Structure formats: C-alpha cells, structure tokens
Amino acid sequence: MIPQNLQSSYQQHLDDQVSSVKKVLSQSQFDHLLIAGGTLNYRFRDDTTYPFRLNPYLARFAPLQHFPNSWLLISADQLKPKLWLYEPQDFWHKVETLDCATISEAFDIEVTTTKPDLAKQLNAISGKIAALGDASEFEALDIEMTINPESVLNVLDYHCGKKSEYEIACLSHANRLGAAAHCAARDAFFDGASEYQAHQAFLSAIDAEDHQLPYDSIVAINQNSAILHYTFRERQKPQPSHSMLIDAGASFLGYGSDITRTYCRDSNHLFSDLIRALDDIQQKIIALIKPGVDYLDLHVKTHAEITQLLCDNQIIQCSVDEASQHGLSRTFFPHGLGHFLGIQVHDKGGWFRDESGAERQPPKEHPFLRLTRTLEQGHVVTIEPGLYFIPMLLKQLKSSSAEQLINWKLVEQLTPFGGIRIEDNVLVTDQGARNLTREFLAY
C-alpha cells in the first residue's frame, strides 16, 4: 500500500502527527481522540451506496481509502494508536484486507469480521474522549464523549496546511499522474474529442475511475468554460470547437493534485494571446512566493496584473488606474487566487489567524478568496488566476456606471470562447517556491 521509497518518511510523518495530537489533547484537556473513518451511505430508498470517501482526519494518519467503518483511537498514555479495521465475511462484495507491513507495525490493529464493539472497549478506558466525524456514527456507542470539539478541530485545521516530507512526496506523485492525464485530454481535444471523450482520455491515461479522483473534473469546451464549476461533460462536440478548459486532478495515497489548463485551436487568435499572457502572469505571481508573503497580497497583485492585461488588449478602454477604481477586473476574474491543497482539495484553515480558530476573512470586494494566511515553509497552495467572459457578470457590468469603459464588440467576439484558468500546485520552500505541477507539465 505504501511504496518502499516512502516508508521511512511515512513513519516520521505518522510519529509527528501522533505527537501533535497528543499535544492538542493536553492543551484541550482531553485524554483520547477517537476518529470515525466513515461508512458507506445508501441512496434514498435504494440498496446502492454512494462512493466511499475516508474521513480526512483519519486519512492523514493512514491511506485507508478502501476501509469503510474503520476507527482510530489516539490516547495520551499509549505509544501506538489503536486502529480498528472492518473486514466482513461477504460473498456479495470484494472485501479489502490490509496488506502493508508499514501500517501493521505502526498501529495496534484489531481486525473484525463484525462491526467492533467499540462501546465496550471505550468504556474500559478512563478519561475524556474527543471524537471527530459525523455525529450519527457515534450515536450507537452511547458513551460520554465530546463530538467535534472546536478546540481540537481548530488546531488540527490550522496546522494541516504545512506538509511533511511524506505528504509532499504524495502530492508530487499526484501531480505526476495528473500531468500525464492532462496531456491525454489535451491531445484528445485537438484530435476533435467532445468534453466526455476528453474526460475519458484523462481517466484512461492513469487507469482511474471517476470516484477515484480527488474531485469532479471540469472539462469545458467553448462557452462552458465560463461556468466555474461546470461538470456536465457533453457527449456531442460543438461546432465549431474553439477552446477547452480542463480543471482535473489525480489521487495518490489519498492526496490529490488540482491542475487547470486552457487550450485554443487557433494559435493566432486573440484568445490564444490571452492564454499566453495569463500564463505569464501566473508564473510572475509564483515567483513572488516565499515564507512570510501574505497570500492576500498575491491575490491583489494578480488583480492588478489582470487589469493591466485587459487594458493592454483593449478589452477595457480606460486607464489602469480608472479600471482599478471601478474594480473592473472582478467581472473577469471573480474567484480567489487559490487555496491550501492536501488530503482535501480545499484543505481547512485557510482563513485562520492562529490555532484558536480566529479568522482573517477576505475583504468584502474579494469574498471568494479561500486563503488569507501568511505563507510558511511547507505550505502547499494552488495558484490559479482566471480570465472569463461570463454572461451574467457581463450583463451586470453593462448595466453599471462603468458600461462605457468596456469594448463590448471585442467582448462579444471573445464570449464564445468562455474563459481561461491556469492552475499549478506550489510548495513554499525555505527560499521561495517549488512548482510541483511544472515539474511534469509544461504549458
């Protein structure tokens, strides 16, 4: 399960995670942390389940993506964490069994063919229990515990942005896989594929199924790429097919990549020029990354760069200063610059000032920014500037006092192309930044 080259770094990662939890328990006056891995959830009035996804708080300790009904107990007075694995006797379904010596040696493991009698075992221990997971999973235990205490969650969420050597290696490999899949989807698009066919090429390149990806892929041709979270994937290729935006990632041991590229069939079209210019802006922003940099400042700097780009290409017909005063870039770049990345596509804690959970919310003019932290060595973030022609937002702009500042004829020509987003996954190093994506995927 864990490759040999990662076994040493995994053990160090696990030791550090357990040590951190024990410190949190002491600070929060708890003696034990119980984490429910999650269960298979059945669809309403049906006998089929949704794809299983492991509780991210447990996934940080062990890659048990195929083990529903697993439980983890970390006790302040125990060296090894206790891990319960449910391996039922079942001739209807394939039952996963643990085949990883590294994990077997790192945990005190109890394998059960029936759901473990946790209540009996937990009643035998003394002290206060903090529990993390869906509240419904703890109801049957009927023992005293505090479910999802903020004093514990806030500390874990604040620190999850900083990645260990093991986590960085997993994220790097997820980028390697994602890059290979992106290349396959790109080639399929230029060969005339539909959105659905390009997505199938993505999956085939890495032998993946949809539910094994870290998030629902966005494969959008033409104006569909102006829908920020478009996941429909039309079967028919539109005529003509101008452009494709693909926002898709791959998973490795629970960690996911989050990569976006945009392509234009006509390399001589203004839309192609805009893609190249936005790529230059993205690389310029990444070059500014280092410990101590305020991510909010990077977001604001990106807006300044995009405003300049819009003015240089006569999409906005006024000075850069006047365009900035009206906030015109927000119509064309309405989302945030990026977010933390790890076990979850949007790792928690992006607004936290400290371990207490006190928030530094984004300014009102940038409400969708997911990350307002000062960057530290070990943070892994996405950098994903965008430039879109979104009919709803353009309509709002056209009815505003800034309507005369826009070259609507040019906007009308670009709207059928949808939009542009370029996204890389970036590690903050001691000196600057390591672009995990561009190690495998050039533009």
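Two strands count as paired if DSSP finds at least two bridges between them. This rule is applied here to a predicted model.

Strand 2 and strand 3 (residues 82–86) meet the rule, with three bridges between them. The two strands run antiparallel. Within this pair, Leu73 stands opposite Lys82 of strand 3.

Ala36 faces Trp71 of strand 2. Leu33 has Ile74 of strand 2 as its bridge partner. Strand 1 pairs with strand 5 (residues 129–132) as well. Here four bridges are found, and the strands run parallel. The partner of His32 in strand 5 is Ile129.

Burial was examined next. Buried means under 20% relative accessible area. Strand 1 spans residues 32–36, and five of its five residues are buried, so the strand is largely enclosed by the rest of the structure. Strand 2 is mostly covered too, with five of five residues buried. In a regular strand, side chains alternate between the two faces of the sheet. In strand 1, His32, Leu34 and Ala36 point one way. Leu33 and Ile35 point the other way, and all of these residues are buried. In strand 2, Trp71, Leu73 and Ser75 share one direction. Leu72 and Ile74 take the other, and all are buried.

Strand 15 (residues 424–428) and strand 16 are joined by three bridges in the antiparallel sense. Leu427 has Arg434 of strand 16 as its bridge partner.

Val428 also belongs to strand 15. Its relative accessibility is 1%, so Val428 counts as buried. Val428 and Lys163 lie 265 residues apart along the chain, yet their C-alpha atoms are separated by 9.8 Å.

His242 was also examined. This residue sits in the loop between strand 7 (218–221) and strand 8 (243–248). Its relative accessibility is 24%, and His242 therefore counts as partly exposed. His242 and Lys115 are 127 residues apart in sequence. Their C-alpha atoms are 54 Å apart in space.

Two helices were checked for length. Helix 7 has 26 residues. From first C-alpha to last, helix 7 reaches 38 Å, close to the 38 Å expected at 1.5 Å a residue. Gly192 follows helix 7 and has a positive phi, near 105°. Helix 9 (residues 270–286) has 17 residues, which should span 24 Å at 1.5 Å a residue. The end C-alpha atoms of helix 9 are 24 Å apart, which agrees with that value. The buried residues of helix 9 include Phe271, Leu274, Ile275, Leu278 and Ile281. Ser272, Asp279 and Gln282 are also among the buried residues of this helix.

The largest pocket has a volume of about 1600 Å³. Its lining consists of 48 residues. Closest to the pocket centre are Phe52, Gln65, His66, Phe67 and His211. By class, the lining holds 24 nonpolar, 15 polar and nine charged residues. Helix 2 (56–59), helix 7 (165–190) and strand 9 (251–252) each supply at least two lining residues.

Definitions and conventions:
Residues numbered from 1 in each chain as written. Predicted model: local features only at pLDDT ≥ 70, side-chain atom pairs only at ≥ 80, totals over all residues. Heavy atoms only, no water. 1 Å grid on protein atoms, 1.4 Å probe; cavity = no way out; pocket = protein on both sides within 12 Å on 5 of 7 lines; lining within 4 Å. Points joined across faces, edges and corners; volume = space filled by probe spheres on them. Nonpolar A, V, L, I, M, F, W, Y, C, P; charged D, E, K, R; others polar. Expected span 1.5 Å × (residues − 1). Buried < 20%, exposed > 50% of the residue type's maximum accessible area, 1.4 Å probe, protein only.
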